[in-house]
Amino acid sequence: MSEATDLAERAGDRDPRIGLRAVSALRKLVEQLEAVQVRSARVRGWSWQEIAAELGVSRQAVHKKYGRQ
């Protein structure tokens, strides 16, 4: 997770260009991590409702985002 740590540090940079680029990269990393965990949960038999509850979103939202993958 050194990449995430480095990005988190850069997100707090005083230079907005550096900070915003780091925020964008963190957003992409979080999306990738979420997708990996959703796939893992589905492989383990979790329902869309269970996944949604852990992510703090609706069942419909998580199914729409990941249901066809």
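# A tour of the helices and their contacts

The axes of H2 and helix H3 (residues 48-55) come within 10 Å and cross at roughly 145°. Axes here are lines fitted to C-alpha atoms, for helices over the stretch in contact, and angles run from 0 to 180 degrees between N-to-C directions. Helices are DSSP runs (H or I, at least four residues), numbered from the N terminus. This is a predicted model, in which local features need pLDDT of at least 70 and side-chain atom pairs count only at pLDDT 80 or more, while totals for chains, interfaces and linings use all residues. Residues are numbered from 1 along each chain as its sequence is written, and side-chain values use heavy atoms, with hydrogens and water left out.

**Stop 1: H2 against H3**

Select Glu 34, Val 38, Ala 41 and Arg 42 in H2, then Trp 48, Ile 51 and Leu 55 in H3; these two groups meet. Contact means heavy atoms within 4.5 Å. The residues of this contact divide into 5 nonpolar, no polar and 2 charged. In this count Ala, Val, Leu, Ile, Met, Phe, Trp, Tyr, Cys and Pro are nonpolar, Asp, Glu, Lys and Arg are charged, and the others, Gly among them, are polar.

Leaving aside neighbours within four places in sequence, Ala 41 is in contact with Trp 46 and Ile 51.

**Stop 2: the nonpolar core**

Select Ala 35, Val 38, Ala 41, Trp 48, Ile 51, Ala 52, Val 62 and Tyr 66, the 8 residues of the largest nonpolar core. H2, H3 and H4 each supply at least two residues of this core. A nonpolar core is a set of buried Ala, Val, Leu, Ile, Met, Phe, Trp, Tyr and Cys residues joined through side-chain atoms within 4.5 Å. Buried means under 20% relative accessible area, exposed over 50%, and partly exposed in between (1.4 Å probe, protein chains only).

**Stop 3**

How many salt bridges does the structure hold? There are 3 salt bridges, each a side-chain nitrogen of Lys or Arg within 4 Å of a carboxyl oxygen of Asp or Glu. Side chains of opposite charge can pair when their charged atoms come close.

Select Glu 31 and Lys 65, whose side chains meet in a salt bridge (2.7 Å, N to O). Glu 31 lies in helix H2 (residues 16-43) and Lys 65 in helix H4 (residues 59-66), so the pair ties together parts that are 34 residues apart in sequence. Salt bridges that share partners join Glu 31, Glu 34 and Lys 65 into one network. Glu 31 is partly exposed at 35% relative accessibility, Lys 65 is partly exposed at 39%, and Glu 34 is partly exposed at 21%.

**Stop 4: H1**

Move to Asp 6 and Arg 10, whose side chains meet in a salt bridge (2.9 Å, N to O). Both lie in helix H1 (residues 2-11), 4 residues apart, about one turn of the helix.

Finish with H1 and H2, which pack at an angle of about 145°, with their axes 7 Å apart. H1 passes H2 in a left-handed crossing. Among the residues that meet are Leu 7 and Arg 10 in H1 and Gly 19 and Leu 26 in H2. The residues of this contact divide into 10 nonpolar, 1 polar and 1 charged.

Note on methods: Left-handed = near helix turned anticlockwise from the far one by under 90°.
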